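Hello,

Here is the structure we discussed. My notes follow below it.

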Amino acid sequence: TLAEGVLATDPRGRIVLSNLAAERLLGRPREEIDGKTVPDVFRLVHAATGRLLPDDPCEMALATEGPLPLSVQHALAPAKDGTPATPLAWTARAVYGEGPRAEGVVIVFRNPDEMSLTPEELVKANRFEALAMLAGGITHDFNNLLTTILGGISLAKTNRDLEGLDDSEKACMAAKALAKQLLSFAKGSAGVRVVADSREILADSLRIAAAGSSVQTTLEAGDDVPAVQVDRTQILQVFQNLIVNSIQAMPPAPHRGVVAVSAAAATLGEGELEGLPAGDYVRFEVRDNGSGIKPEHLERIWDPFFTTKKQGTGLGLATVLSIVRKHGGQIGLSTATGVGTVFTVYLPVAGTPVETQPRRAPTLRYGTGRILFMDDDPKICAITASMLTSLEYTHDIARNGEDAVKLYRSYFNINRPYDVVIMDLTVIGGMGGEDAFKAMLEIDPDVRAIAASGYDNDDMARRYLDMGFCAYLTKPYRVGDLARVLKAVLG
């Protein structure tokens, strides 16, 4: 059922298995494929020159640890004279059983002209590839943050030295920001465009893309850089891809890699930059001192599935180009082999400035009211109960949605309804906050509920606010965070 052609060989390189897609792509019936050697039926030519590839794909796979890099530089020689060569994207790898010797080779191939992805599919496919690539570096950064957190707590416990707790708190908030960024990157967004701060876009992109890397990074963007109106998640994906590409382009030690990102205002005249009308733009740059791009690769680097990396699908720069152009912008590059590369992205200036956040008023620490708190984690229940007590709220604790609904109904029936209900959205093996909220609405249409969740995602928060929750409280939270959200709801 695969759309890709599949050939499997024995240790001598004779084909023992082929599928229907292989028959179609090779232009041969199965009886002309099975039992033949790979060079007999899987004859490769260079796409540009038409010259026959001298290497046997089986021997190439047996000589390589892991799969061969995905190749789109070859074509299938025609099975019959007078027919054109078939464009090809292919890879192969040796197959091992329990012993140390290879038991054969599997070749997978497809006509790239049949690999038509919509722009949305392209963005999604690249996002998950990049996510897997970034996971190791993100783990490194999380462990560094946890070291600061744990160190501060242990000093406070053993030596009663509270100075480290400030650093622990800052590390917690940095970890929360990193988790939010990671979640947004993985889930994508609902395609909503917002007016975004250009400097924040670059800073957030660096936080994820450079996580765990030894490459030095710098950020240069003044306060006067205009805002841009973008799908924030997709634009973050653009700069994360470019930064990761720059990091991967670095030669090995002792080379000291540097990636510099910057943003500045730019005004373009008519015809000054191909594809862009005259007007005001923000010019973003991602500059590295890496290996540069070889001249023979320049014309193809934007093509889907073209890659020079041993591991990769070739979707990164194709995705970048698709997203930038969809936002009314343009991208270009300047490169020199052995010197480095500069990617330049132009995006139109937003029509309105970034909405400035009012300065926070001093925390209103103390309040009056009765709170019902529901969470299935006993430690979260205990610490939140202590926070509520310190804020002078009376409270009851429920461990699941069923218990929360029972408590709410009991006190509502005696005309003592809770002023606010805070509920965790996810309860393992029990009723979560969403279903409990719907049940409470049937009891009391005026119930005031706060959704609590470890998923720090703007789209998810918007969904629950639209559902009728009065606020969205993201974990982890501090006493001040809890106080602010309660005051806002009670107010």
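The structure holds 13 salt bridges, each counted when a side-chain nitrogen of Lys or Arg is within 4 Å of a carboxyl oxygen of Asp or Glu. This is a predicted model, in which local features need pLDDT of at least 70 and side-chain atom pairs count only at pLDDT 80 or more, while totals for chains, interfaces and linings use all residues. Residues are numbered from 1 along each chain as its sequence is written, and side-chain values use heavy atoms, with hydrogens and water left out.

Helix 13 (residues 479-490) contains both Arg 484 and Asp 481, three residues apart, about one turn of the helix. Helices here are DSSP runs (H or I, at least four residues), numbered from the N terminus. The closest N and O atoms of that pair's salt bridge are 2.9 Å apart. Asp 481 is buried at 15% relative accessible area, and Arg 484 is partly exposed at 26%. (Buried means under 20%, exposed over 50%, partly exposed in between, with a 1.4 Å probe and protein chains only.) Salt bridges with shared partners link Glu 169, Arg 478, Asp 481 and Arg 484 into one network.

Helix 6 (residues 198-209) holds Arg 207 and Asp 204, also three residues apart, and their side chains form a salt bridge (2.9 Å, N to O). Asp 204 is buried at 12%; Arg 207 is partly exposed at 33%.

Glu 23 and Arg 30 make another salt bridge, at 3.1 Å from N to O. Glu 23 is buried at 18%, whereas Arg 30 is partly exposed at 35%.

Regards

Key. Helices (H or I, at least four residues) and strands (E, at least two) are DSSP runs, numbered from the N terminus.
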